[in-house]
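Trainee: I want to learn to read packing and backbone features in a model. Can we go through one together?

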Amino acid sequence: MSGTATRYLYLARHGEATEDESALSHRGRSQAWLLGERLRASPLAVIHHGPLPRVAQTARLIGDRFDGVSLHESETAGDYLPYLPRRDELPAESADDILGFLAQFPAEGRTRGPELARAAIEQFTGPVAGDTPRHELVVTHAFLIGWLVRAALDAPKWRWLGINHANAALTVIRYAPGRPDSVLFFNDTGHLPPDLRWTGFPPELHV
């Protein structure tokens, strides 16, 4: 009888986008290419990606570094709010700022987001069926990465907020049978030169 095997989930935020977010910038294309170079020795089975152009383009540039690894577009890898906290869940000193920030987003992302987030947990996390470990890449947005890292750490649901991620940085989570989920590394930009690191963060946080 077949058992379960370890899943290694690689998570990458898309490369830097143009100002109108319709495509990758020149820097973003460089970031995606370098991330593909970083990953090309990894035994990836599949590359999942969200539907927006900046994400799909990042996934294609990474996929170009591999032979025979398929790209799968998935709405669950898209850009949405994964969880909308109640005021009483939040620290009193920051509740107004957090709720004001979330209120800026379109109604569709607010209403469908939690449903998509639950589907993402089902699709992307946990051990896999069979006896062979599986390595998968999800090219997505910072919010989903925060949501999956939060889940791996068993943190409160609202704590996807504040788990930020640089463009084309890499995070890996291990889901091993019978063991707690493990965040092996987070927001790793070691494959990027200094001038391409930390985009996606406010300028005062670039290091």
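Trainee: Ala168: buried or exposed?

Mentor: First, the ground rules. This is a predicted model, in which local features need pLDDT of at least 70 and side-chain atom pairs count only at pLDDT 80 or more, while totals for chains, interfaces and linings use all residues. Residues are numbered from 1 along each chain as its sequence is written, and side-chain values use heavy atoms, with hydrogens and water left out. Now the term: buried means under 20% relative accessible area, exposed means over 50%, and partly exposed lies in between, with a 1.4 Å probe and protein chains only. Ala168 has a relative accessible area of 0%, so it counts as buried.

Trainee: Where is Ala168 found?

Mentor: Ala168 sits in the loop between H5 and strand S7 (170–175). The names follow DSSP runs, numbered from the N terminus: helices are H or I with at least four residues, strands are E with at least two.

Trainee: What is the phi of Ala168?

Mentor: General idea first. Most residues other than glycine have a negative phi, and most peptide bonds are trans. Ala168 has a phi near 60°, a positive value in a residue other than glycine. Trp198 also has a positive phi, about 70°, and is not a glycine. Trp198 lies in the segment after strand S8 (182–188). With a relative accessible area of 19%, Trp198 is buried.

Trainee: On to helices. How many residues of H5 are buried?

Mentor: H5 is mostly covered, with 11 of its 11 residues buried. The buried residues of H5 include Phe143, Trp147 and Arg150.

Trainee: What covers the buried residues of H5?

Mentor: Look for contact, meaning heavy atoms within 4.5 Å. The cover of H5 includes strand S2 (7–13), H3, H4, strand S6 (134–140), S7 and S8.

Trainee: H4 is on that list. At what angle do the axes of H4 and H5 cross?

Mentor: Two packed helices are described by the angle between their axes and the distance between the axes. Axes are lines fitted to C-alpha atoms, for helices over the stretch in contact, and angles run from 0 to 180 degrees between N-to-C directions. The axes of helix H4 (residues 107–124) and helix H5 (residues 142–152) cross at roughly 60° and come within 11 Å. H4 is therefore oblique to H5. The scale: under 35 degrees is roughly parallel, over 145 roughly antiparallel, 65 to 115 roughly perpendicular, and the rest oblique.

Trainee: Is the crossing of H4 and H5 right-handed or left-handed?

Mentor: A crossing is left-handed if the near helix is turned anticlockwise from the far one by less than a right angle, and right-handed if clockwise. The crossing of H4 and H5 is right-handed.

Trainee: Which residues in H4 and H5 meet?

Mentor: From H4 come Ala117, Ala120 and Ile121, and they meet Leu144, Trp147, Leu148 and Ala151 in H5. The residues of this contact divide into 7 nonpolar, no polar and no charged. For the classes, Ala, Val, Leu, Ile, Met, Phe, Trp, Tyr, Cys and Pro are nonpolar; Asp, Glu, Lys and Arg are charged; the others, Gly among them, are polar.

Trainee: Next pair. How do H1 and H2 cross?

Mentor: The axes of helix H1 (residues 26–39) and helix H2 (residues 53–63) come within 8 Å and cross at roughly 40°. That makes H1 oblique to H2. This crossing of H1 and H2 is right-handed. H1 brings Arg29, Ala32, Leu35, Gly36 and Leu39, and H2 brings Gln57, Thr58, Leu61 and Ile62. The residues of this contact divide into 5 nonpolar, 3 polar and 1 charged.

Trainee: What does Ile62 touch?

Mentor: Skip residues up to four places away in sequence, and Ile62 touches Ala32, Leu35, Gly36, Leu39, Ile47, Leu137 and Val139. Ile62 and Leu137 are 75 residues apart in sequence and 10.0 Å apart in space, C-alpha to C-alpha. Ile62 counts as buried because its relative accessibility is 0%.

Trainee: Last one. Which residues of H3 are buried?

Mentor: In helix H3 (residues 95–103), they are Ala95, Ile98 and Leu102. Seen down the axis of H3, they fall within an arc of 70°, so they line one face of the helix. The arc is that of the directions from the helix axis to the C-beta atoms. The face turned away carries the exposed residues Asp96, Asp97 and Ala103. The cover over the buried residues of H3 includes H4.
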